[in-house]
Structure formats: structure tokens, C-alpha cells
Amino acid sequence: MSFVSQFKAQAQVMAGDLRHRKIIRTALRNYEIVRDVRKASFQDWQGARQLAAETKWQAVNHLDKHLEQFAAKLESRGTKVHWASTAEQAREIVLKIVSDKQAKSVIKSKAMTSEEIHLNDALEHAGLNVVESDLGELIVQLRKEAPYHIVFPSMHLTRDEISELFQRELGSAATNDPEELTMIARRALRKKYLTADIGITGANFAIAETGMISITENEGNARLTAALPKTMISLIGIEKVLPRMEDLALFLPMLATMGTGQQLTCYNTLYSGPRQPGETDGPEEWHVVLLDNHRTELLADAEQRDALHCIRCGACLNVCPIFRNVGGHTYGTTYSGPIGSVITPHLRGLQDWKHLSSASSLCGACTETCPVKIDLHHHLLQNRRNAAEQKPSFGEKTAFKLFAFAANRPALWNFGKKMARIFQPLQGAVQGSALDPAKAWTKTRDLPPLAQESFKDWWRNRK
Amino acid sequence: MTVTLFIPCFVDALFPRAGISMVQILERLGHKVAFPEAITCCGQPPFNSGYWDEARTVAAKVLPQLANAEAVVIGSGSCGAMLKVFYPQLFENTPQATLAKQISARTWEFSDFLVSKLGVTDLGAKFPHKVTFHDGCHGLRELGLKKSPRALLGKVSGLELVEMGEAETCCGFGGTFATKFPMISTAMGEVKCASATETSAEYIVSNDSSCLMHIQGLLSRQGSPLKTIHLAEVLNQQ
């Protein structure tokens, strides 16, 4: 089945799933309340957005310089930096480190880049035991499914569903107390941290000036992932760069505000290198893998380059009426929602993924909320244009050519209107059947009758 | 002044009363109304589907019709955004670029024209009903219209405006999106209708007939007593 058929089939099911609609709506209503409280605590939210967009613009438009600086700083403190052009290269780099270390088990903290390159599959295929340490990620890992949302991987599940999963997979007792569910996961994870040979993390920001990565989290699991195993690997998309340390003063509260509605997340940690002489903790080795995987192609697209500003806060997903009705898994991609619909055609091919750009009413709620001012809904429109220019659909192209032909001949257009008025009762007779030319509309909606006297008729009669 | 009306294709064919109301309101305010009959459509359907060449073919016929207009007024945030925001993009680097920009600068959505250009809010209208207002996305986010329609409704005698929780949430019409992805469009419309119903309003008012066509289509199918009406028709009730 093609990607578009899969999307349509899944969307058909999810759009009518009222239980799903209610779960997501309830979760997001709570998010909206706390998000707005935190936004209001900024002295000038729109000014903060503008500053963030400009900072990211600078970072992205001088990416080469910032990346070289970042890598040089990291290397000066003994970190091994790897450059991966493709997902395959990134997997090979990680697998090589793992095999050099003769590792048997890996503990991971949340990293969308690892989902993007399907790292867990590759590691498991190589015989490793891989455990996700973020609670939401652990839940979806145990369910053998992809994260539902960039920030809230298991938001589509109820506590009872999670309890049943834990009973089955971790042998715990039934409970729907969130604290107890968290403790069940923690007890299971604690052993894994102590025995893991390798810890794998992502990064929220890569600070070029100091050669540090910033990880923001609420569970402390990334700290344990980074601190306990002897070897640490961080897989980072090249667009995560921020020029200066002081930029975090804006970006950390901004990410927390839009991601989870917090002033700051509970743990914000900067990692600057492996254990240095005289230090008592930290990994013996740290590898940073910088991932391109088509990001430089997006960088080359002046019109949509700002999509690399994304800080993966998930705010655009949360306000998107498409996402809220079809859910994250329907997209069939690592990055869902508006940002996913914008970048997936660049990351995985325009013709295979253009349907995500069409599956939008272009309402612009995403652009309005984006903290780094990515022009999301206009990029969806540009993707549609680029797709049609590159490979027009014969049916659509013909239909719009006919449309333009008629629109430019008012007499023909008006004749068409009269014909439609005459034949509309016939449509009514076959409404809902396979013969109904308007069935895509009339299956769920009534069609208004064409007016007996159009505006144009009225205007002429009046004169 | 002479106001040139741009009547969207679906208003012409399906909802002429919205256009007629605009003519009557503007004339009562003492303005002369012009209507270029040769205009059929702004070209938005092919534009939003990515077929910009075909959109340009249609829009190129619109431009000369509006070239000498003092003010172009459109009773739709969606078609208004097409002329105001997207025509300059569509004609970028073409000989019509300047004309497209000039027309963009003179184009107004109807409610914004009354409030921001003419400085009128009280039209002496009476509409003794409880209503809720639906913000069409193009009007709200491309044109930044939020206050103008409400300022006008605020002066309608007997009218009670109750905001719905999802006033700014897309109704799910989205042009060709409504028939390309009818299941998603319908789900979005259901959310909208449920939110409007919660207000116990009698009418959903909007400045976009295209959204209302979708919303009314769902409401009628559900057998809901809630009705939809264009803002201009409300303002024209004397």
C-alpha cells in the first residue's frame, strides 16, 4: 500500500474515533491552560518569538561556521565527533562504537533523531538489549509502536491501558495511580541503568560557543543515561545548534513553555565532555554523532530554510485540528503534525509524502503558535506547488485547466451555473449513491441549493 | 466613494443574499457600488491545490477589472486573503507584479472596510437573537481580523453574542481539502458544531460563506436547529 493510501485509510478510522478525540482533547485542554499561563509570564511574548526566530536564523544561516566551532570545542575536551550524512551512516557509526565496546545492553533517553534513523531496530538486529528510559518512550517501546507525539509519546493512552501494559510486560500489580505507574517503570529501569554498557541520548540544543549540549527533561532519566554507562553516544540533528550559551536563557523557558507548559523543565543539564582527569563521575568516552539526513537539502531551499529553526516543542501539533483528529500515528512518519508535514517531503521525498501537505485546511494555527516563527502553513502551500510543478497529476491538471478556461469566459461560466441549477435536482435523486458526483461532500454534509436568482442576475435585473 | 464589490463565485451562485446585503448597506451609507460582472472567481481553488499556472490564468483576468477601483471590498476573508496576500506572491517577477501589489493595498474584507476604513460600527441593524461568531481562518490569520466583525455585532440592537470555546478553531472546510479528505474535514466540522451548540445560540454568524456552507451542511444533516448566516445579512436586518 502506498503512503498516501495508508494515510487515508488510517485517517478514515481515526477521524471517526470519538474515544480518541476525547482523550486527545482532554489532554490538550490541560496543556493549553498551563501553556497560556506560562506565555503570560513572558514580558513580551511576541518579542521573545521574534528574538528566537532571529537567533535561529543566524544559527541556521551560518550553520557551517557554528558546527565547526561546536565540533572543535567538543574535541578539545576529548569528545569524539562523527559526521553522518545519511541515516545509514549514522547507524553504522553507532553500531561500530557498540561493537568496539563489545556492548550487550543500551539504555536510551528520549531522542527523535534515533526514531528518525530507526536506531533501535538496528541495535536489536545486532543482538543488543535496548531500553528506553523516558517513561512515555518506554510505554510505546513496550507496545512495540512509534511515539505518538514528539513530546508526549504516549498521550493517546489512558492510565488503565498503561497499567495493563505494565502488568503484562513488567509483571506489576494493577493500579491507575500515576505516581505508582511511574515508580513501577523506575524500579524496572534502575537495574538497566546499572548494567547498561552504553547510554544513548539526543540533545535539545548544541551550543557552538562552548561545545556543550543541553538536554531538557522532567524525569532525570537522561542524567542517569549520561552518567552511569561507561560510554555515552549523543545523536544530534545538525539544526540543533545555537550560537551562544546565553541563548539558552531564552530557549530553555521557551521550549518548556510551548512543550509542556512549564516555566522550566525539572532538569536542565549541560554536557561538555567525557570524564576529565580528577572528576569523579561521567562516562569514560563520549561520542557525538552529527546527523544531516537531508537537512542540508532543506538548508539549500531558501524559501523553507526556516523549517530548520524547529526546536521540536510540539506546539504546532497541539493546536493542529488535523493532528487532533487523526492522531500522530496516522502520519506514518517520525515527525507528525504541521512540522512533520512540512519537512517529511524534504527528508523522505516530495512525491511520496506530498499528501501530508494536502491534508491541511491551511488554517495557520501552527504558524500562529510556533515559538520560532516557522511559516508552517505557507510551506505546506509551497510543497503543494512544488509537487504539482514537478509531477502534476493528470486529472487535477486537466480539471484546473478546464476550470480556468471556463472562469475566463463569463458567458460560458454563467451557462455552466444555469446548467448546474437545472441538474441539481438530479444530483439530489442519486445523493449518497455511487452515481452522486458530489459524494465526497454529500456523504456527511448537505449541499446547499443553487440560488434561483444569482447575485449577478439580481444585479442585472436591478439595473 | 465608489466601492467596487468583488463577489466570490460561491456567494454569486449559492448565497446571493450576502452580496445583496453588502450592496444595500454600502448604498445606505451613501457610497456608490460598482460590480465588475466579468469577474467569475479569484483563482483560489487551483492556487491552493498547487496549480499556480492555472490560478495565474484566472487571476490575470481579475486584475484589469480592478485596476481603477478606489476600494475593492470582498465579503469573504478567504477570497480577501487571496487578493490581498496571495496575488502579490502569485504575480511576483511578472509584468503584473506592480498592479497586483496596488490592488492588494486597496482591497478590504467587508467588516474591516466598514470599521477600519469608513469608521462605521452602528448600522442601525436589529437582530433579536442569540448568536455566536465563527472566525474564518483566512480572515483571522492572513488578514488579522478579529475585532471588526465583533465591533459591528456589538452595535446590532437585540443581538446577544456568546463566544464559543472553539471560535478560532478551523471548521474544516479548507476549499478542495473538504472533498480531498472528507473524513478529516467532517471530524473538524463536528468539533466546531459541537462547540457552537454548547453556547445555545440560534445562529452561527461569520464573514465567510464558504465556512458556513460546510458548517450548515453538517448541521442540516445532523438535524440541528442551529442556523448559519453571513455577517452582512445580520447587519442588513432593519
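In chain B of this predicted model, 78% of the contacts between residues at least 6 apart in sequence join residues at least 24 apart. The secondary structure of chain B comprises 13 helices and eight strands. Chain B touches chain A through a contact that takes 50 residues from chain B and 49 residues from chain A. The model as a whole scores ipTM 0.97 and pTM 0.96.

- Along the principal axes, a box of roughly 50 × 45 × 25 Å holds the C-alpha atoms of chain B.
- Buried residues make up 59% of the 238 residues of chain B.

**Chain B: confidence**

- Chain B has a mean pLDDT of 97.
- A pLDDT of 70 or more is reached by 100% of the residues of chain B.

- On the side of chain A that touches chain B, eight helices are listed as supplying at least two residues each: α1 (3–15), α15 (321–326), α18 (365–369), α19 (376–390), α20 (394–407), α21 (410–430), α22 (439–442) and α23 (455–462) of chain A.
- The helix that gives the most to this side is α20(A), with seven residues.
- By class, the side of chain A that touches chain B has 27 nonpolar residues, alongside ten polar and twelve charged ones.

**The sheet in chain A**

- Chain A has an open sheet of six strands, which follow the order β1-β10-β7-β4-β2-β3.
- The pairing in this sheet of chain A is parallel.
- At the edges of the sheet are β1 (80–84) and β3 (129–132) of chain A, each of which pairs on one side only.
- From one strand of the sheet to the next, the twist averages 20 degrees.

**One strand pair within the sheet**

- Strand β7 (residues 231–237) of chain A runs parallel to strand β10 (residues 285–291) of chain A, and seven bridges join the two.
- A:Met232 has A:Trp286 in β10(A) as its bridge partner.

Notes. Residues numbered from 1 in each chain as written. Chains lettered and ligands numbered in written order. Predicted model: local features only at pLDDT ≥ 70, side-chain atom pairs only at ≥ 80, totals over all residues. Contact = placed C-beta atoms within 7 Å. Helix = DSSP H or I, 4+ residues; strand = E, 2+ residues; numbered from the N terminus. Nonpolar A, V, L, I, M, F, W, Y, C, P; charged D, E, K, R; others polar. Pairing = 2+ DSSP bridges. Axes fitted to C-alpha atoms, helices over the stretch in contact; angles between N-to-C directions. Buried ≥ 20, exposed ≤ 12 C-beta atoms within 10 Å, placed from the backbone. pLDDT = per-residue confidence, 0-100.
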